[in-house]
Amino acid sequence: MKKTVLDAGTTWSKIIEKNSNTLKTVFKKYLVKSCNNMNYYILPSAVIKEHELKFDAMTGHMSEKFIDSKEKYTNEIIALTKGVSKLCEENSMILDLGSRDAKWVRFKNGKFSDLDWNSACASSTGATIEMLKKFYNVKELQPNKNKYNITCGIFGFEKIMDDIANGEDASDAIAKFVHGIAYNAWNFCKKPEKIYLSGGFCESRCFCESLENYCKVEKLGRFVLCSGILEN
């Protein structure tokens, strides 16, 4: 049976296309891998809006833009929980950190235990980092042993601009901001010994190595939520 599922994020969307190659003609340049009769795509959410596409199941903040039936929508926490249930240890903390928000679920003895979801604080979003890198023309971030003690993105912007104005390299200042986000994420997850990481930050070496100052990190990639709704 053909099945196409969408995780529609604020800036980036993820798609898994099962038993079909229909989307290859439309999104070929966004194809990141093909295996087990499934195609995996990562593309700007704005690109999806340009096409009239139908999806079998959806999750994510922007999915309301593409829903033609409420029955096709799955809450992001539910999608995350189902997506990681077979990937993690019986006792585990899973953090999904992406463009807009941060959310975690915890398993105890192989069963869902509790969760939290933070969508209010801009300091825990990937969109902030993308904007900073673009504004200061920074291509690559190297981990920084120092960090900004920040509680929101506004204070982070202030510290970055002050340090750059005083002569600090932009990449170093942004890396300290990323380290601050990693520290906040660890605290948000209640300081676990290990975090299973889902979302776009899996691809940030600066973030992952900063987080490893506080706990072990196992990266799950960007398709966890899609996997959680694929068979449901």
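This report looks at a sheet and some salt bridges in a predicted model.

**The sheet**

Let's start with the strands. Five of them make an open sheet, ordered S3-S4-S2-S1-S5, with mixed pairing. At the edges you'll find S3 (31-35) and S5 (57-59); each has a single partner strand, so one side of each has no neighbour in the sheet. On average, neighbouring strands here are turned by 15 degrees against each other, direction ignored. Strands S1 (residues 3-8) and S2 (residues 12-18) run antiparallel and are joined by six bridges. If you want a spot to look at, find Asp-7, which sits opposite Lys-14 in S2.

**The salt bridges**

The structure has 11 salt bridges.

| Pair | N to O distance |
|---|---|
| Glu-89 and Lys-194 | 3.5 Å |
| Asp-114 and Arg-106 | 3.0 Å |
| Lys-176 and Asp-163 | 3.2 Å |

Take the pair Glu-89 and Lys-194, whose side chains meet in a salt bridge. Glu-89 is in the loop between helix H3 (76-84) and strand S6 (92-97), while Lys-194 is in strand S9 (residues 194-198), so the pair ties together parts 105 residues apart in sequence. Glu-89 is partly exposed at 43% relative accessible area, and Lys-194 is partly exposed too, at 25%.

Asp-114, which pairs with Arg-106, is partly exposed as well, at 24% relative accessibility.

Then there's Lys-176, which forms a salt bridge with Asp-163. Lys-176 counts as buried, because its relative accessibility is 12% and the cut-off for buried is under 20%.

Notes:
Residues are numbered from 1 along each chain as its sequence is written. This is a predicted model: local features need pLDDT of at least 70, side-chain atom pairs count only at pLDDT 80 or more; totals for chains, interfaces and linings use all residues. Side-chain values use heavy atoms; hydrogens and water are left out. Two strands pair if DSSP finds at least two bridges between them. Helices (H or I, at least four residues) and strands (E, at least two) are DSSP runs, numbered from the N terminus. Axes are lines fitted to C-alpha atoms, for helices over the stretch in contact, and angles run from 0 to 180 degrees between N-to-C directions. A salt bridge is a side-chain nitrogen of Lys or Arg within 4 Å of a carboxyl oxygen of Asp or Glu. Buried means under 20% relative accessible area, exposed over 50%, partly exposed in between (1.4 Å probe, protein chains only).
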